[in-house]
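Dear colleague,

Please find below the structure that I am handing over to you, followed by a short account of the findings. I would be grateful if you could read the two together.

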Amino acid sequence: MAEFLLLEFSNARELQIAQFILFLCFFLAAVAGNLLIILAIALDRRLHTPMYFFLMNLAVTDLGSVSVTIPKSMANSLMNTRLISYFGCITQVYLFLLFAASDYTLLTIMAHDRYISICNPLRYEAIMNRGTCIQMAASAWLSGILYAVLHTSCTFAMSFCSNIVDQFFCKLPQLLKISCSKLYQMESAFLVLSVSAAFGCFIFIVATYIKILATVLKIPSSQGRQKAFSTCLPHLIVFSMLLFTGTLVYLRPIPNVSSHTNMVFAVIYSVVPPMINPVIYSLRNRDIKVAMAKLLGLK
């Protein structure tokens, strides 16, 4: 099979142009926001701490994931086509899985970092030293690479009965639907294992924040409690948003929904978090706001 046909938003030329403009705005907002986060942290020495190091890696995953899905959809709308090459589809699946898995792993690591910072502050610098942070970030990226290689190689080892992908980008569940190979069962088993691992990370994050909350409530001063909450709240909001949008896509109890409804859910899951995350971190964090103001020459 030389190429796949992606789902288009509309047959009407006017709506295709409108979709191109809308996605262009989404894309520019996501790229600008995440690039500002990356540059602000990289150029401000006061932000060279574990929390901001992991935040910079998270911004890289958001920048990567939004760059995998949106540009091809924009190009197709502009040129009034639905085509994506076989190799292009492989690339989309691999990179999207890599950035998604790395993103989720980084959020888990960031929860652990907040736990050490608040529940064991005297040993924080010893535990979360430079070498440890680099190893943890490298493990997040390595897990993303292995996860992406596993699913991508298994998926494209299958034969396909159709080349019509019921989504605006090459997405794993939609590719499994058009598979006519016995390897489908193996890939489904891999997906179950992946969901189990993700659920394990979810349990870890929830348990971590229960311990953090118990520790914060024991802080005698209201200013100390507010400072502790201010460092945890952005991460908790970002994690909750990722969990909520992922639930909308994969666990909604609607058996028969239209293709365009599925497309809307996919946009919410793949586009909205990378665009909103920089806003959440910059609005809730004074150090980030100051660094970004200096970077833009506003201060």
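**Salt bridges**

With a relative accessibility of 6%, arginine 114 counts as buried, since buried means under 20% relative accessible area, exposed over 50%, and partly exposed in between (1.4 Å probe, protein chains only). Please note that this is a predicted model, in which local features need pLDDT of at least 70, side-chain atom pairs count only at pLDDT 80 or more, and totals for chains, interfaces and linings use all residues. Residues are numbered from 1 along each chain as its sequence is written, and side-chain values use heavy atoms, with hydrogens and water left out.

The side chain of arginine 114 forms a salt bridge with that of aspartate 113, at 3.0 Å from N to O. Aspartate 113 is likewise buried, at a relative accessible area of 1%. A salt bridge here is a side-chain nitrogen of Lys or Arg within 4 Å of a carboxyl oxygen of Asp or Glu. Searching the whole structure gives 2 salt bridges. Another pairing of this kind joins arginine 46 and aspartate 44, with an N to O distance of 3.4 Å. In that pair, arginine 46 is exposed at 53% relative accessibility, whereas aspartate 44 is buried at 11%.

**Aromatic pairs**

The structure contains 15 aromatic pairs. Rings of Phe, Tyr and Trp (its six-membered ring) pair if their centres lie within 6.5 Å; planes under 30 degrees apart count as stacked, over 60 as edge-to-face and the rest as tilted.

One of these pairs is formed by phenylalanine 4 and tyrosine 86, which are stacked at 5.8 Å centre to centre with 15 degrees between the planes. Phenylalanine 4 belongs to strand 1 (residues 3–5) and tyrosine 86 to helix 3 (residues 86–119), so this pair ties together parts that are 82 residues apart in sequence. Helices (H or I, at least four residues) and strands (E, at least two) are DSSP runs, numbered from the N terminus. Phenylalanine 4 is buried at 0% relative accessibility, while tyrosine 86 is partly exposed at 24%.

Phenylalanine 4 also pairs with phenylalanine 160: the ring centres are 5.6 Å apart and the planes stand at 90 degrees, so the pair is edge-to-face. This pair links distant parts of the chain, as phenylalanine 160 lies in the loop between helix 5 (130–155) and helix 6 (172–177), 156 residues from phenylalanine 4. Phenylalanine 160 is buried, with a relative accessible area of 11%.

Finally, ring pairs join Phe9, Phe23, Phe26, Phe96, Phe168 and Phe169 into a cluster.

With kind regards
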